[in-house]
Amino acid sequence: MTQQLSTLSLKKIYSGKVRDLYEIDDKRMLMVASDRLSAFDVILDDPIPRKGEILTQISNFWFNKLAHIMPNHFTGESVYDVLPKEEADLIKDRAVVCKRLTPIKIESIVRGYLTGSGLKDYKQTGTICGLKLPEGLVEASKLPEAIFTPSSKEEVGNHDINISYAECEKLIGSDLAAQVKKKLSHFIPWLQNMHSLKGLLFVTQNLNLV
């Protein structure tokens, strides 16, 4: 995988926990999913072969499925439109051509069940991100309703931190925070219904919005 990316003629402008970004022009970039494995905000030593391909195909499915509710960063172009064929052949299943947008500096997390860092916070305070929850909940308890529990968006190597809605407003502004919350209120019921139709549980969804 590293050898494949080293052959790209585009300039690399960012390397994240899993994805790398390459400059096309001032309005577009190439997003390439690597095989790196990230857990709890840490990049692990051993990559998983073809993980980036699977991750990209899953992401593309959901972006296309949800486009009528939440517009996305796709330009509609193929990697073959921006790369020589021999380069595009190497990454066609793990790369997408994207608009160059400004990310919102929070992680938009919606929880339907009590798990993960939310469970840890609940055990300590009885709350998640400042939201009071009923007493007596245990791991994997279904929450009374899906809740918006934002976290900070830290740099690679640092852990994201759960924050309250008030802290979210301070980070990105009250108007933008309200827009995010409103957009999620339309998005989550549809996603819950989609899970239900397939016999699945909606546990937690992490979103990176722009």
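**Entry 1: the largest core.** I began with the nonpolar cores (sets of buried Ala, Val, Leu, Ile, Met, Phe, Trp, Tyr and Cys residues joined through side-chain atoms within 4.5 Å). I took buried as under 20% relative accessible area, exposed as over 50% and partly exposed as in between, with a 1.4 Å probe and protein chains only. The largest core has 19 residues, and I106, L184 and F187 touch the most other members. I then looked up which elements give two or more residues to this core, and found β7 (106-113), α5 (165-172) and α6 (174-197). With 6 residues, α6 gives the most. Domain 1 (11-99) and domain 2 (106-207) both contribute residues, so this core lies between them. The domain bounds come from an automatic or database domain assignment.

**A note on the model.** I am reading a predicted model, where local features need pLDDT of at least 70 and side-chain atom pairs count only at pLDDT 80 or more, while totals for chains, interfaces and linings use all residues. Residues are numbered from 1 along each chain as its sequence is written, and side-chain values use heavy atoms, with hydrogens and water left out.

**Entry 2: around I106.** Which residues is I106 in contact with, leaving aside its neighbours within four places in sequence? I counted contact as heavy atoms within 4.5 Å. The list is F148, P150, S151, K153, I163, C168, L171, I172, L207 and N208.

**Entry 3: the other core.** A second, separate core has 12 residues, including V32, V79, A95 and V97.

**Entry 4: the sheet.** Helices (H or I, at least four residues) and strands (E, at least two) are DSSP runs, numbered from the N terminus. Two strands pair if DSSP finds at least two bridges between them. In what order do the 4 strands of the open sheet come? I read β1-β2-β3-β6, with antiparallel pairing. The edge strands, β1 (11-15) and β6 (95-99), each pair on one side only.

**Entry 5: along β3.** On one side, β3 (residues 28-33) pairs with β6 in the antiparallel sense over 5 bridges. There, L30 stands opposite V97, and R28 stands opposite K99. Strand β2 (residues 19-23) is also an antiparallel partner of β3, again over 5 bridges, and here L21 faces M31. A hairpin of 4 residues joins β2 to β3. I also checked burial: 5 of the 6 residues of β3 are buried, so I noted this strand as mostly covered.
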